[in-house]
Amino acid sequence: MRIRTTTAVVAGVSSLALLTGCGAADMTKQASPFANAQGTKTVTLSVQSWVGAQANVAVAQYLLEHELGYRVDTVQVDEIPAWDALSQGRVDAIMEDWGHPDQEARYIKDKRTIVPGGDLGVTGHIGWYVPTYFAKKHPDVTDWKNLDKYADRMRTAESGGKGQLMDGSPSYVTNDKALVKNLDLDYQVVFAGSEAAQITQIKQFAKAGKPFLTYWYEPQWLFKKVPMTEVKLPAYKEGCDADPEKVACAYPHTPLQKYLNADFARSGGEAAALLKKFKWTTEDQNEVSLMIAEQKLSPEAAAKKWADSHESTWKSWLS
């Protein structure tokens, strides 16, 4: 999505690694040897670092390999470079995109090297959250206008005397620093380092019953383990986030989309057809994400477990 980017690494052909994106080498120009290969049953999927996106790819990869007999490779690339890679045929599909208007205009409308692959079936939303146990005791904390009242409660050693607004990786391009500045809040954005590190810190705060304010997003399996309540920011209106320096509104709700390389969409046969029809629910994605991130199943094992119990869902993708 427009507010998440990660450093590129190449994952294994038959396995999907759960990566944090920290400290990896920049390999955005490296492509799978199977991408856009003519006359062979191979597919290359772009995979993002957050576990929800990995869940999509894990299930798509499992079905392509075990139901259709394809060889699947996965390549992890920054989100904007992923559009370049998709346009050039270095990857065949992006399974979860949070909206990139500039890239859509360039590659879909102008160059026509990428085509929409349809709705993923999941709506994404980013926001600021506090733990529900704190919101129940202090209901007014869920209005941004009252956040400064609790800044001292949110203070940490890293926040420099201000309240801490916890973000994930420094490579995530968020609106949070602009929001803190433009809403004149007594908070400091502090980066946990990665999605995994942020989850660890949230769990630690929750175990101790401490209050915290964090950037977070839906869908995300962690809500099942640590219930969180969204803080209401100024209402989102179309275009209110057009200037990154002047943003003073909430994040939008975004129906997540799939995109395919145009040549692959035309000649990708059963694989392209499956990816176009791939559509599941937030609950489905969270179920697989939870198995990967919390239960520590391999992506392939998680995908198999989901597929075994949801045959009626994915069978329609093969028809």
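**Cavities, ring pairs and loops in a predicted model**

The model is predicted, with local features needing pLDDT of at least 70 and side-chain atom pairs counted only at pLDDT 80 or more, while totals for chains, interfaces and linings use all residues. Residues are numbered from 1 along each chain as its sequence is written, and side-chain values use heavy atoms, with hydrogens and water left out.

The second largest cavity comes out at about 30 Å³. Its lining (residues with an atom within 4 Å of a point) is made up of Trp 50, Val 51, Gly 52, Pro 219, Gln 220, Trp 221, Gln 285, Asn 286 and Ser 289. Helices H1 (51-66) and H9 (282-293) each bring at least two residues to that lining, and H9 has the largest share, with three. Helices (H or I, at least four residues) and strands (E, at least two) are DSSP runs, numbered from the N terminus. By type, the lining splits into four nonpolar, five polar and no charged residues, where Ala, Val, Leu, Ile, Met, Phe, Trp, Tyr, Cys and Pro count as nonpolar, Asp, Glu, Lys and Arg as charged, and the others, Gly among them, as polar. One of the lining residues, Pro 219, sits in the loop between strands S8 (213-218) and S9 (228-231) and is joined to Glu 218 by a cis peptide bond, with omega about 0°.

Overall, the protein has eleven helices and ten strands, and 54% of its 319 residues are buried. Buried means under 20% relative accessible area, exposed over 50% and partly exposed in between (1.4 Å probe, protein chains only). Of the contacts (heavy atoms within 4.5 Å) between residues at least 6 apart in sequence, 73% join residues at least 24 apart.

Ten aromatic pairs show up across the structure. Phe 278 and Trp 280 form an edge-to-face pair because their ring centres are 5.3 Å apart and their planes are at 70°. Rings of Phe, Tyr and Trp (its six-membered ring) pair if their centres lie within 6.5 Å, and planes under 30 degrees apart count as stacked, over 60 as edge-to-face and the rest as tilted. Phe 278 is buried at 0% relative accessible area, and Trp 280 is buried at 2%. Ring pairs also tie Phe 278 and Trp 280 into a cluster with Trp 306 and Trp 317.

Then there are the loops. His 310, between helices H10 (299-309) and H11 (311-318), is buried at 16% relative accessibility. Beyond its neighbours within four places in sequence, His 310 contacts Asp 284 and Glu 287; Asp 284 is 26 residues away in sequence and 9.1 Å away in space, C-alpha to C-alpha. Ser 169, in the loop between strand S6 (163-167) and helix H5 (176-182), is buried at 4%.

Arg 112 is exposed at 64% relative accessibility, and Asp 184 is exposed at 63%.

How values were computed
On a 1 Å grid over the protein atoms alone, a cavity is a set of points where a 1.4 Å probe fits but cannot get out, and a pocket is an open set with protein on both sides within 12 Å along at least five of seven lines; lining residues have an atom within 4 Å of a point. Grid points are joined across faces, edges and corners, and a volume is the space filled by probe spheres set on the points.
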